[in-house]
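Please read it alongside the sequence and the structure.

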Amino acid sequence: MPGNKKRKRDQVQTPLDPAPPAKQAKIPISRTKPPSPSHQDSSARPSQTSTMRDGPHTRRAKGKPRKRMAKGNGFYQSGSGNATVSPIQQNLSKLFDQYRDNPEDSPDSIGIDGAQQYLTDLGVELDEVAHLGICDLLQCPSIGEFERETFISGWRGVSTGDKPYDTTSRQAQYVELIRRKLVADPAFFKQVYRNAFKLAKPDGQRSVPVESAVDFWTMFFSSEKGGIEWNTASTKWLDLWTEFYQSHCKRPVNKDLWNMVGELVAKTREANGETLEWWNENGAWPMAIDDFVSHVKEQRKTAGDSMDTS
């Protein structure tokens, strides 16, 4: 590599964050529990909307009515009585209410248990890419959490006049569209992959722990879980990358490297992309990817360009 090569934008050599414990991985690789009778399609049973009551020690001015302290626009608040609320918004709000973990303390949030049941009712596994497609659509603040406002606005945004996605059965149909788009639409896949960075990193951190990053890469870049297949007959790209990163880099993954791994996958999947003839060592790639490409080229040279990584 030339001595005057510009400094690489490499996040893994800069110790921004200490590696958090492995138990903080955001994607639990497990099956969701079977649906219970208490969580059914809103079209099949009446709403169980509950309202937020004042606590026993709440003080208010004499003669003044209580005020509900729900965040966001009034249209999205629990129990909103605004007459202008559309039917689809009412239906989505009622559906949201069915999955709340703690209606009294968190009337406008769905927590881990409710989120898991909701995904089960949609036929979505926790460790498939479609799950992250839903998180992107509904702008989840973290995995295992839904907020009323973005839940309603997300499903309203994809609904049409003749097909409102306001029940779990109809939303399950949209999930199938998400699965197809992830495979057929590179721009959509890129959007979901990049959005997943904020879901993969622990709260308060700027990087994703290595173990979590490997889990997400394995999910996104293999067809088994609804992602795109990176391994090919000639080169087991995903296997090589995850093994190389865990053995040579060993540092948390920041947003720049996260995004550029997606770009590397896209380049190698182009016509003749596996030859790496497009590679320019002076390009603006993170150093970890520079080193990985050099590693692959060296292995190919040693093996006479007939490398077997199975």
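T167 is found in the loop between α4 (148-158) and α5 (168-184), where helices (H or I, at least four residues) and strands (E, at least two) are DSSP runs, numbered from the N terminus. T167 is buried, with a relative accessible area of 10%; buried means under 20% relative accessible area, exposed over 50%, and partly exposed in between, with a 1.4 Å probe and protein chains only. The C-alpha atoms of T167 and F96 are separated by 9.9 Å, although the two residues lie 71 apart along the chain.

This is a predicted model, in which local features need pLDDT of at least 70 and side-chain atom pairs count only at pLDDT 80 or more, while totals for chains, interfaces and linings use all residues. Residues are numbered from 1 along each chain as its sequence is written, and side-chain values use heavy atoms, with hydrogens and water left out.

**Confidence and overall make-up**

- The mean pLDDT of the chain is 81, and 71% of its residues reach 70 or more, pLDDT being the predictor's confidence in each residue, from 0 to 100.
- Over residues 1-7 the pLDDT is below 50, and beyond near neighbours in sequence this stretch has eight contacts in the model, a contact meaning heavy atoms within 4.5 Å.
- Over residues 10-26 the pLDDT is also below 50, and there the model has 38 contacts beyond near neighbours in sequence.
- The secondary structure comes to ten helices and four strands, and along the sequence these follow the pattern α-β-α-α-β-α-α-α-β-α-α-β-α-α.
- Of the 310 residues in the chain, 45% are buried.
- Among contacts between residues at least 6 apart in sequence, 71% join residues at least 24 apart.

**Helix α6 against helix α9**

- The axes of helix α6 (residues 186-200) and helix α9 (residues 255-269) come within 10 Å and cross at roughly 150°; axes are lines fitted to C-alpha atoms, for helices over the stretch in contact, and angles run from 0 to 180 degrees between N-to-C directions.
- That angle makes α6 roughly antiparallel to α9, given that angles under 35 degrees count as roughly parallel, over 145 as roughly antiparallel, 65 to 115 as roughly perpendicular and the rest as oblique.
- On the α6 side, K190, Y193, R194, A196, F197 and A200 take part, and they meet K255, W258, N259, V261, G262 and E263 in α9.
- The residues of this contact of α6 with α9 divide into six nonpolar, two polar and four charged, where Ala, Val, Leu, Ile, Met, Phe, Trp, Tyr, Cys and Pro count as nonpolar, Asp, Glu, Lys and Arg as charged, and the others, Gly among them, as polar.

**Two further helix pairs**

- The axes of α3 and α5 come within 9 Å and cross at roughly 110°, and the two helices are therefore roughly perpendicular to each other.
- In α3, V129, A130, G133, I134 and L137 meet Y174, V175, I178, R179 and L182 in α5, and by class this contact of α3 with α5 has eight nonpolar, one polar and one charged residues.
- The axes of helix α1 (residues 87-98) and α4 come within 10 Å and cross at roughly 130°, which makes α1 oblique to α4.
- From α1, I88, Q89, L92, S93, L95, F96 and D97 meet R148, F151, I152, W155 and R156 in α4, and the contact of α1 with α4 has seven nonpolar, two polar and three charged residues.

**The covered helix α7**

- Helix α7 (residues 210-220) is mostly covered, with eight of its eleven residues buried, namely V210, S212, A213, V214, F216, W217, M219 and F220.
- These buried residues of α7 pack against α3 (129-137), α6, β3 (207-208), α8 (237-249), β4 (253-254) and α9.

**Individual residues**

- K250, in the loop between α8 and β4, has a phi near 60°, a positive value in a residue other than glycine, and at 55% relative accessibility K250 counts as exposed.
- L276, in the loop between α9 and α10 (287-302), has a phi near 65°, again positive in a residue other than glycine, but at 2% relative accessibility L276 counts as buried.
- S153 is found in helix α4 and counts as partly exposed at 34% relative accessibility; the C-alpha atoms of S153 and Q139, 14 residues apart along the chain, are separated by 9.6 Å.
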